[in-house]
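Hello,

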Number of protein chains: 2
Amino acid sequence: MQDLAVSDIIVRSNDEEALGGAARVFTFFRDKLLSGELKAGDRLLAERELALALGVSRPVLREALRSLAMLGLLDIRHGRGAFVRAADASVLGQALTLCLAPEPNILDDVLQARIAIECQAIRLACERASERDLQALAGMLDTLVVSLDDPEKGGQADYAFHLAIVRASGSSALMKIYEAISPLLMRSHVERRRDTFREPAITSHLVDAHRAVFLSLVQRDPDAAESRLREHFKIGDELRRKNLFTSYQSQASNL
Amino acid sequence: MQDLAVSDIIVRSNDEEALGGAARVFTFFRDKLLSGELKAGDRLLAERELALALGVSRPVLREALRSLAMLGLLDIRHGRGAFVRAADASVLGQALTLCLAPEPNILDDVLQARIAIECQAIRLACERASERDLQALAGMLDTLVVSLDDPEKGGQADYAFHLAIVRASGSSALMKIYEAISPLLMRSHVERRRDTFREPAITSHLVDAHRAVFLSLVQRDPDAAESRLREHFKIGDELRRKNLFTSYQSQASNL
DNA sequence: GTCAGTCCGTGGTCTGACCACTCTAAACCG
DNA sequence: CGGTTTAGAGTGGTCAGACCACGGACTGAC
């Protein structure tokens with residue numbers, strides 16, 4: 001072991017003591033991130049310098065930096081350096097996926113979370129939505145109508161519309177959580193769309209329901225908006241079940 | 001609790017290519033976790049053996065394992081080994097905190113998320129709550145009443161009651177998200193309680209509101225339950241603001 | 001002025017060694 | 001024989017130094 005600077009010893013003893021080296025460095029940077037002392041875009045010192053400054057070896061420092069990178073907090077680029085990254089909901093989504101992995105019925109469950117977020121979001125949106133938000137929603141409604149016959153585009157337009165509602169709520173917490181659960185929803189969303197886009201009952205409901213929700217939002221009526229949104233989810237669910245049933249039936253008759 | 005066989009590992013040579021070594025090992029284990037091939041309590045091979053089996057050096061392997069440990073997926077214990085850990089919502093909470101750190105008004109924002117989750121949860125609970133769930137809630141209601149004059153216990157009882165509602169929804173996704181945001185709420189919750197527990201208007205509202213919510217739940221009336229819950233949040237918020245106002249007023253008169 | 005090649009700073013990886021902790025089982029003592 | 005102590009093996013924790021691979025900047029030639 002090389003010479004140990006006295007200052008290093010003092011700093012260490014005042015720090016958390018029970019934590020391992022890597023964990024100590026990890027929390028060190030995490031706290032800098034939380035306190036805003038490190039902002040997105042900042043560049044960290046070189047690994048060799050950091051290791052020296054923090055009084056740990058390079059492998060230990062790397063374990064900490066790698067952990068931060070895996071959490072999406074750092075962007076480490078070969079030959080360039082380590083950069084602080086803007087907070088990203090994708091990590092949240094991954095964490096949620098990991099947490100929910102062992103549970104059964106996740107899909108239906110996550111759908112419940114989606115309904116929860118959206119219903120609260122639209123209430124807030126009724127209070128807070130700006131003219132621009134409403135115009136954006138109107139545009140998405142149009143996109144949704146013209147892309148009814150394309151499962152891919154239609155699904156995206158549908159998602160964009162609902163996402164815009166959450167955005168119009170002006171609540172970043174709702175937004176982040178919604179983004180976090182979105183990837184889990186996506187998988188089934190497009191599939192369902194592909195199964196149902198030829199059913200007139202479903203496509204007509206789709207347009208009517210979204211339009212009704214939008215109108216309530218324009219009228220800034222939270223109760224109406226929420227109940228129409230709930231209606232939309234409920235009917236959509238029923239139609240999908242019905243469609244699933246008939247498709248199974250036709251499969252059975254083909255045997 | 002069983003060791004991971006080396007044969008389980010060898011297969012992966014044509015895997016993802018662009019990823020760095022540590023990232024590759026990381027996703028390797030993450031996928032094993034997601035697929036259920038690795039369950040909570042399983043013990044990993046020793047680092048030296050794993051490194052050999054995966055074809056990477058020990059430092060690289062350690063970067064990956066440390067990352068998994070930081071995510072709460074692994075429990076690495078000095079002198080004993082690395083064990084797979086049960087999914088934990090605390091990581092979700094940390095990730096959320098990190099994501100929301102740069103945002104202003106997080107507290108109010110997270111409260112909106114809380115309302116969202118609970119309102120949906122109580123609707124589901126009206127459908128799904130078991131007799132046991134209801135009895136548990138009844139018990140918590142009693143605890144809440146008898147601990148009105150203790151900010152600490154009262155706050156805990158309050159939280160326990162609301163958590164029990166979410167649990168009664170039977171949705172693990174709602175539950176996880178609720179647990180994730182709870183720590184962010186806790187901070188303000190106890191403080192508020194300390195400021196307001198001597199106000200008769202507030203404490204009486206507290207009991208009435210919780211009881212009303214509970215009764216609607218017993219009657220399995222989703223609309224009533226949700227609206228009473230919203231009422232509870234709304235009035236609680238107003239009372240706190242009012243109390244905050246008068247306390248500022250009295251401070252001013254003391255100057 | 002543009003392009004190419006070189007050089008330097010950076011992260012990426014490896015090796016081999018040693019330390020610290022935990023458990024176990026053998027050795028020891030009563 | 002039974003309980004205690006101790007030595008060993010196996011594990012993670014840390015370290016130092018070296019080398020490779022990538023990216024950008026500088027410099028030289030054209």
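Below is what was found where the two chains meet.

Please bear in mind that this is a predicted model. The contact draws 48 residues from chain B and 47 residues from chain A, and the area buried between the two chains comes to about 4100 Å², with carbon and sulfur atoms giving 67% of that area. Within the area that chain B buries against chain A, B:Glu63, B:Met70 and B:Leu98 supply 14%, which is more than any other three residues do.

Several helices of chain B supply at least two residues each to the side that touches chain A, including α1 (21-35), α3 (58-70) and α10 (222-254), while α5(B) gives the most, with 12 residues. By type, the residues on that side of chain B divide into 27 nonpolar, 8 polar and 13 charged.

Finally, chain B can be laid on chain A with an RMSD of 0.1 Å by a turn of 180° and a shift of 0.0 Å along the axis, and that is the relation of a two-fold axis. Of the interface residues of chain B, 98% are also interface residues in chain A, so the copies meet through the same surface.

Best wishes

Methods
Residues numbered from 1 in each chain as written. Chains lettered and ligands numbered in written order. Predicted model: local features only at pLDDT ≥ 70, side-chain atom pairs only at ≥ 80, totals over all residues. Heavy atoms only, no water. Contact = heavy atoms within 4.5 Å. Buried area = accessible area lost by both parts, 1.4 Å probe. Helix = DSSP H or I, 4+ residues; strand = E, 2+ residues; numbered from the N terminus. Nonpolar A, V, L, I, M, F, W, Y, C, P; charged D, E, K, R; others polar. Least-squares fit on C-alpha atoms with pLDDT ≥ 70 in both.
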